[in-house]
Amino acid sequence: MTAPAGPHEPTGIVVLVSGSGTNLQALIDAAADPAYGVRILAVGGDRAGITGLHRAGAAGIPAFVCRVEDHDSRAEWDAALTGRIGDHAPAFVVSAGFMKLLGPEVLGRWTVLNTHPALLPNFPGAHAVRDALAAGATETGCTVHVVDAGVDTGPVLAQARVAVAPDDTEASLHERIKAVEHPLLVEIVGRAAREGITVSDGKATIP
Ligand code: GRF
């Protein structure tokens with residue numbers, strides 16, 4: 001179990017991003033309230049120059065980049081990322097639109113929460129919104145779950161539903177998903193920070 005911090009001490013997390021970082025921004029905004037109980041110790045990206053890292057900079061949060069291309073193997077990247085995250089000693093890690101599969105070292109050391117833009121187990125993978133539209137789904141949504149070794153297969157903590165409109169494009173649908181994804185991620189990360197999270201036998205619980 002990741003121990004919750006004391007009543008006056010926020011729980012430190014590291015957030016990983018790959019893109020626009022709107023989920024990160026929702027966490028940054030929530031963490032401005034001391035009652036939320038979260039301190040974002042650092043933000044890590046899998047490439048430089050992304051808006052998510054600029055959001056970290058604007059909020060005065062340390063940022064780092066750890067690129068797969070700069071390492072000889074995925075295993076070396078996994079070890080390097082473990083080191084970069086470990087420098088900040090977080091209680092747990094949040095993957096907020098991080099588009100790389102995390103390796104066994106990171107996953108063995110921390111509980112990692114991920115947000116996914118579909119109702120898992122439906123539409124796992126990198127193109128969940130496009131896949132839901134292509135399948136003719138009338139409803140989709142988002143899922144906050146604990147990351148395991150699979151692709152979007154880890155235990156689900158919470159989900160929110162979104163109706164698909166007949167004229168939806170990938171962009172319009174993703175925008176509406178993000179509108180429910182942000183508050184859901186904020187709620188679950190806050191509860192995990194304040195109350196702790198237990199992962200055992202493929203089940204994840206926040207008391
Ligand atoms: C989110 O919808 C997340 O679920 C998905 O990618 C999107 C990232 O958006 N994996 P942002 O970078 O937080 O704006």
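The model is predicted, so local features are given where pLDDT is at least 70 and side-chain atom pairs count only at pLDDT 80 or more, whereas totals for chains, interfaces and linings use all residues. Residues are numbered from 1 along each chain as its sequence is written, and side-chain values use heavy atoms, with hydrogens and water left out.

Helices (H or I, at least four residues) and strands (E, at least two) are DSSP runs, numbered from the N terminus. Two strands are said to pair if DSSP finds at least two bridges between them. An open sheet is formed by 7 strands in the order 3-2-1-4-5-6-7, and the pairing is mixed. Strand 3 and strand 7 (156–163) are the edge strands, each of which pairs on one side only. On average, neighbouring strands of this sheet are turned by 20 degrees against each other, direction ignored. Axes here are lines fitted to C-alpha atoms, for helices over the stretch in contact, and angles run from 0 to 180 degrees between N-to-C directions.

Strand 2 (residues 38–45) deserves attention within this sheet. Why is strand 2 described as largely enclosed by the rest of the structure? The reason is that 6 of its 8 residues are buried, where buried means under 20% relative accessible area, exposed over 50%, and partly exposed in between (1.4 Å probe, protein chains only). Strand 2 pairs with strand 1 (residues 11–17) in the parallel sense, over 7 bridges. Within this pairing, isoleucine 13 has isoleucine 40 of strand 2 as its bridge partner. Between strand 1 and strand 2 the chain passes through helix 1 (residues 22–31), and this β-α-β crossover is right-handed. A crossover has this hand if, with the strands pointing away from the viewer, the path from the first strand over the helix to the second runs clockwise. Glycine 12 likewise stands opposite arginine 39 in strand 2.

Strand 2 is also joined to strand 3 (residues 63–65) by 3 bridges, and these two strands run parallel. Here valine 43 stands opposite alanine 63 in strand 3.

Helix 1 lies across strand 1, strand 2, strand 4 (92–95) and strand 5 (112–116), and it runs at about 155 degrees to strand 2. Helix 3 (residues 74–86) packs on the sheet by touching strand 1, strand 3 and strand 4, and its direction makes about 170 degrees with that of strand 3. In helix 1, the buried residues are Asn23, Leu24, Ala26, Leu27, Ile28 and Ala30. These buried residues pack against strand 1, strand 2, helix 2, strand 4, strand 5 and helix 6 (170–195); contact means heavy atoms within 4.5 Å.

Asparagine 23 is located in helix 1, and it counts as buried because its relative accessible area is 7%. An N or O atom in the side chain of asparagine 23 is 2.9 Å from an oxygen atom of the ligand. The side chains of asparagine 23 and glutamate 181 are joined by a polar contact of 3.5 Å. A polar contact is a pair of N or O atoms within 3.5 Å; within protein, one must be able to donate a hydrogen and the other to accept it, and residues adjacent in sequence count only if both atoms are side-chain atoms. Glutamate 181 has a polar side-chain atom 2.3 Å from an oxygen atom of the ligand, and a polar backbone atom of glycine 21 is 2.7 Å from a ligand oxygen atom. The residues around the ligand, each with a heavy atom within 4 Å of it, include Gly19, Thr22, His116, His174 and Lys178.

The loop between strand 2 and helix 2 contains aspartate 46. Is aspartate 46 buried or exposed? Its relative accessibility is 2%, so aspartate 46 counts as buried. The side chain of aspartate 46 makes polar contacts with the side chain of serine 18 at 3.2 Å and with that of lysine 100 at 2.8 Å.
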